[in-house]
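Me: Hey, can you walk me through this one? I'm new to it.

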Amino acid sequence: MLRIEDLHVKIGEREVLSGINLHIADNETFILFGPNGSGKTTLLMTLMGFGNYEITKGRILFRGHDITHAPIYERARLGVGMSFQRPPTIHGLKTRHLVRMCARQGEIDVDALARKVNMDEFLERDVNAGFSGGEIKRSELLQLMAQKPYLLLFDEPESGVDLENMKLIGHTVREVLTAGLEPRAGASMKQQRALRRPVSGLIITHTGYILEYLNADRGQVLYNGHLCCEANPRDILDHISQHGYQECVRCLN
């Protein structure tokens, strides 16, 4: 699904990512931990193709395509989707119209999708205008559900979300990440595997709450622009909870 090779990224004159090597297989969910300022959001924004993030070395391969220098719209059309931590308010654009534009595969039932994340009453409002933290996250999920990307990038899906919204968001994230794994009626196991639509996820989390709702396959820590400490995501979270990130410093040294 995704292969990152020796990626170096600068913002202005400062190198934020140094020699990132990462691969994510089809139907795999990868969790990325790290303290504030370690480069986690920079990695996601670089994968999505935002212009302030200068790639000075390395390359990004997505489903066999070299997208290292591809524009954002091309990545989105190929099937990369992102849920932002702090998406902008867009005055003059209704949420319904944005969701419809997100659809890569023709007409969709916007109202039916919106009901799944309790966003049907927000469709005629400007995008994110006056939305709470939980409502913004649900709006982001609604857009991803319409887009149906192959690779989903989540920048702290728990951020700014209360417990009531967290349950809905957690279940919806799991649903979109496992959409390609649903069995087909009347198909043999071999046929089901062949028919699966690959969907993979890269999730940044600070609190680890999202792990209560989905089974993540692998995790790593990003510390000062370097990846380290690959392990089961729950084991990493437990270790960070007990010892902080000091073990990562020792490992890198």
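Me: What kind of model is it, and how are residues numbered?
Reply: It's a predicted model, where local features need pLDDT of at least 70, side-chain atom pairs count only at pLDDT 80 or more, and totals for chains, interfaces and linings use all residues. Residues are numbered from 1 along each chain as its sequence is written, and side-chain values use heavy atoms, with hydrogens and water left out.

Me: OK, what's the strand order in the open sheet of 4 strands?
Reply: The order is S2-S1-S4-S5, with antiparallel pairing. Strands here are DSSP runs of E with at least two residues, helices are runs of H or I with at least four, and both are numbered from the N terminus. Two strands pair if DSSP finds at least two bridges between them.

Me: Which strands stand at the edges?
Reply: Strand S2 (14-24) and strand S5 (65-66) do; each has a single partner strand, so one side of each is left without a neighbour in the sheet.

Me: And how many bridges join S1 to S4?
Reply: There are 7 between S1 (residues 2-11) and S4 (residues 54-62). For instance, glutamate 5 has arginine 59 in S4 as its bridge partner.

Me: Which helix packs on that sheet?
Reply: Helix H1 (residues 40-48), which touches S1, S2 and S4. Contact means heavy atoms within 4.5 Å. The direction of H1 makes about 110° with that of S1; axes are lines fitted to C-alpha atoms, for helices over the stretch in contact, and angles run from 0 to 180 degrees between N-to-C directions.

Me: Switching topic: how many residues of strand S9 are buried?
Reply: 5 of the 5 residues of S9 (residues 151-155) are buried, so the strand is largely enclosed by the rest of the structure. Buried is under 20% relative accessible area, exposed is over 50%, and partly exposed is in between (1.4 Å probe, protein chains only). Leu151, Leu153 and Asp155 sit on one side of S9, with Leu152 and Phe154 on the other.

Me: What does S9 pair with?
Reply: Strand S6 (residues 80-83) runs parallel to S9, joined by 4 bridges, and methionine 82 has leucine 153 as its bridge partner. S9 also pairs in the parallel sense with strand S10 (residues 200-204), over 5 bridges. There, leucine 151 stands opposite serine 200.

Me: Which residues touch the most other members in the largest nonpolar core?
Reply: Phe33, Phe154 and Val173, out of 43 residues. Such a core is a set of buried Ala, Val, Leu, Ile, Met, Phe, Trp, Tyr and Cys residues joined through side-chain atoms within 4.5 Å. H5 gives the most to this core, with 6 residues. A second, separate core has 31 residues, including Leu17 and Ile60.

Me: How many aromatic pairs does the search find?
Reply: It finds 3 in the whole structure. Rings of Phe, Tyr and Trp (its six-membered ring) pair if their centres lie within 6.5 Å; planes under 30 degrees apart count as stacked, over 60 as edge-to-face and the rest as tilted. Phenylalanine 50 and phenylalanine 84 have ring centres 5.8 Å apart and planes at 90°, so that pair is edge-to-face.

Me: Is phenylalanine 122 buried or exposed?
Reply: Both phenylalanine 122 and phenylalanine 131 are buried. Their ring centres are 5.2 Å apart with planes at 75°, so this pair is edge-to-face.
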